[in-house]
Amino acid sequence: MATKNIMIVGVGGQGSLLASKLLGRLLVDEGFDVKVSEVHGMSQRGGSVVTYVKFGDKAYSPIIEEGEADFIVSFEKIEAARYIKNLRKGGTVIVNTQQIDPMPVIIGNAEYPADILDEMKAKGVHVDDIDALSLASQAGSAKACNIVLMGRLAKYFDIPYEKWESAIEKCVKPNFIAINKKAFELGYHN
Amino acid sequence: MKELMIGNAALARGLYEAGCSVISSYPGTPSTEITEEFAKFNDTYCEWAPNEKVAMETAFGASLRGKRSACCMKHVGLNVAADPLFTMSYTGVNAGMVICVADDPGMHSSQNEQDSRHYAVAAKVPMLEPSDSQEALDFAKVAYEISETFDTPVFIKMCTRVAHSQSITQTGERTLVTKEYVKNPKKYIMAPANAIARHPFVEERTAKLTEYAETSPLNRVEEGTGEYDFGIITSSTSYQYVKEVFGDKAAVLKLGIVNPLPVNLIKDFARKAGKVYVIEELDPIIETHCKNIGVNVIGKEKFSMMGEFSQKTIAKAFGLEEKESVCLDTAIPVRPPMMCSGCPHRGMYYVLAKNKITVLGDIGCYTLGSMPPLNALDMTLCMGASVSGLHGYNKAGGEETENKTVCVIGDSTFMHSGVTGLINIAYNQSNSTVIILDNSITGMTGHQQNPTTGYNIKGDPAGKVNLESLCHSVGIHSVRVVDPYDLEECERVVKEELAKNEPSVIISRRPCVLLKYVKPKKPLHINPDKCRGCKRCMKFGCPSISFRDKHAVIDNTLCIGCGVCASLCPFDAFESEGE
C-alpha cells in the first residue's frame, strides 16, 4: 500500500499526544510500517503543535511536507488553516470548531480570522467540521476532544470499529476507557 | 518484541540491552527521554546530575570502576561537558562508555544550531549516527563494542527527528558486561608526562578506527538501479529524506559512523557513482572530509547549512516537480509558545516589566517572558549566564545600573551553573540583585527532578539543597523569599533589594502549575456588568483572558483559578465560583 499521511495539529496541551499514540498502536496492530513524529519542548507551551503519522508498506521520512497530507486533523479552527498547504489535492480536513485565541489576538495585535473554514471550503477543500468540545463534554470530559476527533477520522478508514476500540483500551488508563470509548462513538456517529 | 518507539526510547533500550549499568545526565530537549526511559529499568542505576560536566565525569567514574556507563545531553550541554571529554579521549575507558548527544537543527527548543560532530573530530572520539529507532537500539550495542575494543568513549549522535520520531523497533535481551578495576596511573592520571605518552595512542586509535570504518556494516552502500548518473553520501535523518525521494533507485552511501570517516569506501563509491552529492544537515563535515581525500563532491553549494532538511529540500535541489497545495488569502496569526495559565513566573515578570527594570535572563520556560505583552527580558545566552552576566553588567555600569537591573534564573538552571556566578558576585562584591524563579522542578524539558526538589529521577525522596542556606553560605547576606502570586509583595521586595548597597537574592517561590500535586482551583469569570473594557488585565499576558464584544472574557478550559488577574482589575469584575 502506498504511504498514507495524517497530520494532527492543535495548540500545545490539547492532547495530540494521546491521539497519535492511539493511531500508532492501531496501525502497528494492522501490520503497517509506521512512523510517528512530533516535536517536544518549547513548542508545547501553548504554541502551535504538529504531529505527523505516516503508514504503509514502508515509511521513510518522519515529516509530512507541502501537498502530502491525506488528512489534517485539527484540534482548533485556525490551526487547520495554518497547515493547509500540507494537504494534498483531494485531501480532507477534520476540524474541531473550537476557537483558542493566540497571544497576538489576545493583546490586540492581530484579528482572529473567524470565517477561515468558509474560505477553505471556497477553495475546494473538503472540510469536515465538528464541535468536538461539546461532544467530549457530553461523553464526560472536555479533555476527550482528541478521541472525538479520532472517532470522526475512523469513518474514513476501512479498519473495523472494534480494532479502534481495542487500541483505545491499550492506550488509555483503565479509569478513562469508558469516557474515551463514548467520546470515540460520538465522534464516529455525529 | 516489536514496538513503536521514539528514537530516544529505543536508544535507552539499546544501552540497557548492551549491559549499561550507570547513566548520569542533565535534561535537555531533544535528549531528555533517553535517560527518562532508562530510569524505568529496575536493575540499573540512573540519575539526574546538576549539569552535563558532572554527568559525564560520573559516567567516567562508573566506567573506571568496571561498569558500562553512559551520559546523555543536548548539543549545548556538550559544551559544558567538553572539559572531561577531551581528556577522556586520552585516558580511554575501562568498561565501555557511551556519550549520547542530541542536536536540534531548526532550533525547535534551543538557542543555537551547533553541530556536535565537530566535537567528535576535535576530541578524536568515534561518533555513530543512527537514522531511525531500530538503528538507535542496534548502534548502542555496537558503540560499547567499539568503546572496549578501541579503548575510547563513543558518541551516539541523535537529532530532533531521530530522537522524537517513533518507528518500529525489535527489542532483545540484556547482557551484562563488567570489567575488573586495575590501578593504572599511566593510563588514568593525565599529568603531563603521562598525557604526552598517551597522545600517540590517540592518533594510532584514530587510524585503526578509520580502518574499522572502511568495512563496518554501519557504513553501507546501496547500489541503486542505475537510473541516475549520480550517487549520494548521507547519514542520520537526511538518509530517510533521500530514500523518500529516490526510493531504491539512487546509489547511496549511508554512513552510520560519522567519525572517523572512511577513505577507501568513499573513494570507491565516488569512482562508481560519477557525480557525488553529500546531503548532511548543518555543517559540511562529510563534504570537507571528501574534499580533503581528493573526492570532488557537491554539498553545501546546493544544501543549506541552516535549519532542518526534508524530502522537499531534496526534491527541490534536484529540480523535481513540486506537489500541488492549497494557499489561503487570509493571514493566520502566529501562535508562539507562551507561559501557561497560572504560571508563577508571570507575576514576577509583570512586576519587573511594570517598573521598567533591565532583566538578564536564562534558559528555561521563563525565557518566554521575553514575549509580548510582557517583553520583560533583555538578554538570554546560555545556562547560568544571567548571573555572571549581571555581575559584569553592574561592574561596567556601576551606580547607573545597579538599582535598576536584575537577573532571573530557574531553580534547576541555578543549580546547573548559576551558583558559580553567584559566588563571583559575593566574592568580587557587585551590587547585584539575583532573582531565582523557584518553581520546584525543571519545567521546560518536561518536569525533571533536580537537587532543589528533594526527589530523585525515580521520584523517591533524595537529598535537597536549601537555596536560602546555599545563598547565605556563599556570602549573600540579604536573601528574601516572595510568592509571585502576590504582586504587591513582589514589587515591594524587588524595590527594597534593588535599593540596597550589597549583593542580594530574591527567591520567587511557587511550584509549576503543571505539577500533579498542584490542584487547580475553579476558573474565575468576569462579570460583564462590572467590566468596563479597560484592558488592564490584558497586559498580564495570561492565555486564559481574551477580549470579546468590548469585554474581557475567561476561557474556563484554560483558567486554573490562580486569581492574580483579579488584583489588576480596578472594577472588581473578576469573580470566583459562587460569587
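This is a predicted model: local features need pLDDT of at least 70, side-chain atom pairs count only at pLDDT 80 or more; totals for chains, interfaces and linings use all residues.
I got 50 residues from chain B and 52 residues from chain A.

**Chain B's side.** I looked up which elements of chain B give two or more residues to the side that touches chain A: they are α8 (160-163), β8 (165-170), α11 (236-246), α14 (311-317) and β20 (545-548). Sorting the residues on that side, I found 24 nonpolar, 18 polar and 8 charged.

**Across the chains.** Next I followed β8(B). It pairs with strand β2 (residues 33-38) of chain A in the antiparallel sense, over 3 bridges. I noted one pair there: A:K35 has B:S167 in β8(B) as its bridge partner.

**The whole sheet.** Which order do the strands take? I read off an open sheet of 8 strands with mixed pairing, running β6(A)-β5(A)-β4(A)-β1(A)-β3(A)-β2(A)-β8(B)-β1(B). Its edge strands are β6 (126-130) of chain A and β1 (2-6) of chain B, each pairing on one side only. Neighbouring strands are turned by 20° against each other on average, direction ignored.

**Inside chain A.** I checked β1 (residues 4-11) against β3 (residues 48-56), both of chain A, and they pair antiparallel over 8 bridges. There A:I8 stands opposite A:T51. I also found helix α6 (residues 145-154) of chain A lying across β4 (69-74), β5 (87-96) and β6 of that chain, at about 140° to β5(A).

**Domains of chain B.** The assignment gives domain 1 (2-215), domain 2 (220-317), domain 3 (344-509) and domain 4 (525-575).

How values were computed: Residues are numbered from 1 along each chain as its sequence is written. Chains are lettered from A and ligands numbered from 1 in the order in which they are written. Two strands pair if DSSP finds at least two bridges between them. Helices (H or I, at least four residues) and strands (E, at least two) are DSSP runs, numbered from the N terminus. Axes are lines fitted to C-alpha atoms, for helices over the stretch in contact, and angles run from 0 to 180 degrees between N-to-C directions. Two residues are in contact if their C-beta atoms, placed from the backbone, lie within 7 Å. Domain bounds come from an automatic or database domain assignment. Ala, Val, Leu, Ile, Met, Phe, Trp, Tyr, Cys and Pro count as nonpolar, Asp, Glu, Lys and Arg as charged, and the others, Gly among them, as polar.
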